[in-house]
There are 2 protein chains.
Amino acid sequence: MTVGTTGGRRERLRAETTAEIKRVALKLMASGGPDAITLRAIAREMGMTANAIYGYFATRDDLVTTLINEVYTALADTVDAAWAQAPAGRPAGRIQAWARAFRGWALANPEGFRLIYGDPVPGYQAPEGGAAPDAAYRVCTGIAALADAAWPHAGHLHAHGDFQWSDFDDGLLGKVRPAFPDLPPAGVALALRLWGHLHGLVSLEVYGHLRTQTVDPDKLFQEELTQLVRSLGLEPGD
Amino acid sequence: MTVGTTGGRRERLRAETTAEIKRVALKLMASGGPDAITLRAIAREMGMTANAIYGYFATRDDLVTTLINEVYTALADTVDAAWAQAPAGRPAGRIQAWARAFRGWALANPEGFRLIYGDPVPGYQAPEGGAAPDAAYRVCTGIAALADAAWPHAGHLHAHGDFQWSDFDDGLLGKVRPAFPDLPPAGVALALRLWGHLHGLVSLEVYGHLRTQTVDPDKLFQEELTQLVRSLGLEPGD
DNA sequence: TACAGAAACTTCACGCCGTATAGTCTCCTC
DNA sequence: GAGGAGACTATACGGCGTGAAGTTTCTGTA
């Protein structure tokens, strides 16, 4: 018979082991990069056999998918919190807070960033259906919120490109859209371009393609953010 | 004794084999992603033993480094050509041509793009000293040229951030700088931000983080480019 | 309390990988 | 035609993910 009852000793142990596997995997990734996530290394660290992990995760890719979900969630939590903490009355400040939180998280968790946005793990193939859907959804909502906050000021500067709703309906933004009824198609396009700016600089920085060219990425990002906010018709804070 | 004489049969065969190894490696990468670059797979394809490749490349990483150099060079050639072909008198047109060439190449060679700008191959560690120096230098020069062409129009819009030469001297841009004597530190910062914009959107697109959000990245990139050019104080062409 | 069965874990095995070492064959040069 | 350099193979080692089968440990029920 299945155990069924909640709080059973077995279930507790199982949950702890599962957590330890993930913890060790993240530790290995932090110290040795995404390549270091191997079942054998994890098992070694835990004093187990590699095959024992198959009792908790069907395949290595399954484990990686889980990790991505959790890391993605941590990112979403970070940027959401930064957004929520900034006063709602000042769109520029909120956008800057969101962007800084995003960059800060990425620099503090470069392996996590790679795991989410790069070629993560040798041979890993993201599953079709529900990979990191919730966190991706939340980050996406955050981006849309940026554009929504700026749109009243930036709209007249960016109402180009002849975008249609059909350009976005299939994607994540299509699902996020109802939450921002005042955002027209051009506003959604603006959101994506904002996302491109922020992700672009941060990605260059995390992957080290900036280090070879400038000593002070901090100042550069600050300037980018200032210009970005200005281009939205807002006055940058601090 | 070493052969010494040029045009020797042995040398010719050797050069051909070297070329074939690289050709097969690129083919494997194109069909199976960067993961597919394995010495054994290459050798299998060529009817050889994996160890035979060690006669041509010291290690697998050596082979990958060579591939990166060549792919990087192809990219540099592409964007350089696009830049040179566009009339020098119209900065906006040149910038758009460069950017479109960059995106076009990236979309046509997604694995190559990953090889250069992403986490390329499982376990691969780029060598310290002279990895892809020439092509990187050329792409960097291209970026600086973009900023240089736009600076007379964009300067007054972007002369912020209090940048110093010391922010760039150590990097690639420091070495490129003499070629653009009229570009001030803020102009170099602008170049890096331009690069961030272009790289950012293209990278999102290549890695598929855009596909989940919009159906028509083409239109989006077009719009981004238009706004970018406009933000430089230029009038976008076509 | 004894026992059946589920769950956790190990052992063994297979085929992949990079790579080190030693040996073989072929062709060029003197 | 002999010597040697260069191209390539055979074999082996350790690491990887993963499948199948076996062993131990725990747990709910009779």
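The model is predicted: local features need pLDDT of at least 70 and side-chain atom pairs pLDDT 80 or more, while totals for chains, interfaces and linings use all residues. Residues are numbered from 1 along each chain as its sequence is written, chains are lettered from A in the order in which they are written, and side-chain values use heavy atoms, without hydrogens and water.

**Exercise 1.** Identify which parts of DNA strand C the side chains of A:Asn51, A:Tyr56 and B:Arg44 contact.

*Solution.* 
1. A polar contact is a pair of N or O atoms within 3.5 Å.
2. The side chain of A:Asn51 places an N or O atom 2.8 Å from a base oxygen.
3. Phosphate oxygens lie 2.5 Å from a polar side-chain atom of A:Tyr56 and 2.7 Å from an N or O atom in the side chain of B:Arg44.

**Exercise 2.** State the length of α3(A) and what caps its N-terminal end.

*Solution.* 
1. Helices are DSSP runs (H or I, at least four residues), numbered from the N terminus.
2. Helix α3 of chain A, residues 60-85, has 26 residues and reaches 38 Å from first to last C-alpha, close to the 38 Å expected at 1.5 Å a residue; the expected span is 1.5 Å times one less than the number of residues.
3. The cap is A:Thr59, with a side-chain oxygen 3.3 Å from the backbone nitrogen of A:Asp61.

Note on methods:
Helix = DSSP H or I, 4+ residues; strand = E, 2+ residues; numbered from the N terminus. Polar contact = N/O pair within 3.5 Å; in protein donor to acceptor, adjacent residues only side chain to side chain.
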